[in-house]
Amino acid sequence: MSKITLTIDEHTVEVDQGTTILDAARAMGIEIPTLCYHPNLSLHGSCRVCVVEDVRTKRLLASCVTEAQEGMVISTRSSRARRARRRNVELLLANHPQDCLSCYRNGSCELQEITYKVGVTREDVERLRGEKRDLPMEEVGPALRRELNKCILCGRCVRVCEEIQGVSALAFAGRGFTSIVTTAFDLPLAEINCANCGQCAAVCPVGAITEVSEIDAVWRALEDEDKFVVVQTAPSIQATIGEEFGMEPGTVVTGQLVTALRMLGFDRVFPTEFTADLTIMEEGREFIARIQGNKELPHITSCCPGWVKYAEHNYPDLLDHLSTAKSPQQMFSTLAKTYYAQQMGIDPEKIFTVSVMPCTAKKFEKNREEHRDSGFQDTDAVLTTRELARMLKEVGIDLVHLHEEDWDSLMGSQSGAASIFGTTGGVTEAALRTVKELLTGEPLDRLDLGFMGVKEAEVEIAGRTYKIAVVSGLAEAARLLDDVRAGKSDLDWIEVMACPHGCVGGGGQPLPNSRENRAKRAQGLAQIDQHNVIRKSHENPEIIQLYQEFLHEPLGDRSHELLHTTYQPRPR
C-alpha cells in the first residue's frame, strides 16, 4: 500500500493512503474527541465533535471521515478547531436532560467525559437554553429500555443493529428538531424483530439505551425472610466483573465473586458452569443421535437466547435443527426448584432464583412461557454484570480487597469445558470433548475456535470427518444459515452466538465493550479451563451424582421433561 506524508500539529507523519486524519493523529499519540465514531462500525461523521482545521484551506474537517491527503497541514489544537468542538458539544447539551447525577451511565458516559475534556461550562450551556425534546421513556420489553430524550443521534445503535447483527430493528425518523431513532412504525421493542442482544446499549455513548434494571426486585427478595434466594453466575462474569472495580480486563476473580455474593445476602451461590456441563451431556447425546440417524443436520446450538429469538423471527423453517436443550441458565433454575429443593428439603415455592448474566437477552429468556417446568417461573430475576456491580458498590463491597471463597456444593462443581462457554467456540469445543470420548474413548485435541465472525473446521471422530462452523454476530450467522436454507451447506454442527466474541462481548458486560477487552476476557476464561483439574463435562462428579439420583440418563424421560424446550415461529 502506498504511503503519504502529512503534518499534524507541526509534526510530520507517514501513513498508509486511505488513513483518516483521526487514525493518523492517534498513531502519533494525539487524541481527538469523538462521539459518533466507533472502531467496529461504518464511518458516520454526524456529531462533528472530532473537527480539526486544515491550516492551508482554513476549512474545518470531521477527522473521523476525512482521509488524510499528501502534504496536508492539520491542526487539532487551533483556536477555530477547539471553539468548534466546544460549540458542537454545547449544542448537544442544550437538547439533553443533563440529569447526570441520577443517570444510569453516570461515570461511564462519553458525552459527560467529552464535556469535561473540551472545557464546556454551565454558563456555556445556559447561553443556548431553549426548547427540549419531551419524549416518553420506553420500558415495554423485559430486556431493554430507551430514553429518547438522552439520544444524541450519533447513529451507533442503528449501525450496530444493521451491520453487526443484520437485524435493522432501529432507524432514523423525522427531520431537524424532531429527528429520533425509532423502530418500524414506532412499535415497542417487545413487538418487533429485536433479538434483545443489547449490542445497541453496549455501543450507545450515553444513557439513551440501557438494560431494564431488576436490582430492586433482587433487593426485595434478599430482604424477604420467607425467601430462599439462590444465585447462579455465568462463566464469563468471573473474568469481566473485575473491570467495574478498576481491574484489568480478563482478571479472574472467581473466589472474590463468591464472597461478594454471600456478603450481599444470597443463601446459596453457584456457578452456571454446573449446568453448562449438563447442557453438554444432553446436547452431546442429542448430536450423537442426529449423526447416527443422519437427520436434521446441521445440528445448531441453542444456548444463546438472542440467537434463538432471531431464528424464530427469521429462520422458522430451520427451528427443527436447533438443539432442544435449554440454556444453562434455564436448566439451572429448573433444577434449583426441583432437584435442589428435593435434596435439601426446601419448599420450592420459597426459592427465588437469580442469575448474573453477561446478556440482556437472558432477561427476555426468563419470561418465555415455556420456562415453567419446575411448576413455577424457573428464573425469577436476571442481573447483568453491570447491575451486579452497582449492587456491590451500593453497599460498599469492593472485590479488590475480598478474600476468596468456594461455591456451594451439590450444584457447585464444574469442568474447564464449562468455563469456555463464555467465549465463541467454547460450546463447540466443550461438546466435542465429550462426544469424541463417548464415541471413541479418545481425548479431543485443542480446537482454539475463539475469534470474530465465522470460522469453520473439520474434526475426525471414529473414522468420520465432521464439518463444524462457529459464528458470532447475527449478520455473519445469517450468511451461514442462508446456505443451509438453500441446501448449499454440508456442515454437521453450527454454533451461533449473537454477540461479537460470544458472551464476553455480551450486551450487559462492563463498558467499554471493546474488541481488545473482549479478547482479554476470553483469555481469562481460557486460564480457568487450563487450570481446572476437571476438563470434560462428563467427568464432573456432581453431574454424575445428578444423573444417578435424579435424572437417571441423558435424554431420558425426566431430562426431556425438565431440561428440554420448544421454539415458536415469530412474525418479522
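Reply: A term we'll need to begin with: buried means under 20% relative accessible area, exposed over 50%, and partly exposed in between, with a 1.4 Å probe and protein chains only. This is a predicted model, where local features need pLDDT of at least 70, side-chain atom pairs count only at pLDDT 80 or more, and totals for chains, interfaces and linings use all residues. Residues are numbered from 1 along each chain as its sequence is written, and side-chain values use heavy atoms, with hydrogens and water left out.

Me: Thanks! So is H501 buried or exposed?
Reply: H501 is buried, at a relative accessible area of 10%.

Me: Where does H501 sit?
Reply: In the loop between β17 and α17. Helices (H or I, at least four residues) and strands (E, at least two) are DSSP runs, numbered from the N terminus.

Me: Which peptide bond is cis around P512?
Reply: The one joining L511 and P512, with omega about 5°. P512 is in the loop between β17 (493-497) and α17 (515-531).

Me: Changing topic: what about L410's phi?
Reply: L410 has a positive phi too, about 85°, and is not a glycine. L410 lies in the loop between α13 (385-394) and α14 (416-419).

Me: Buried or exposed, that L410?
Reply: Buried, with a relative accessible area of 12%.

Me: Last one: what joins L297 and P298?
Reply: A cis peptide bond, with omega about 5°. P298 belongs to the loop between α9 (273-293) and β12 (299-300).
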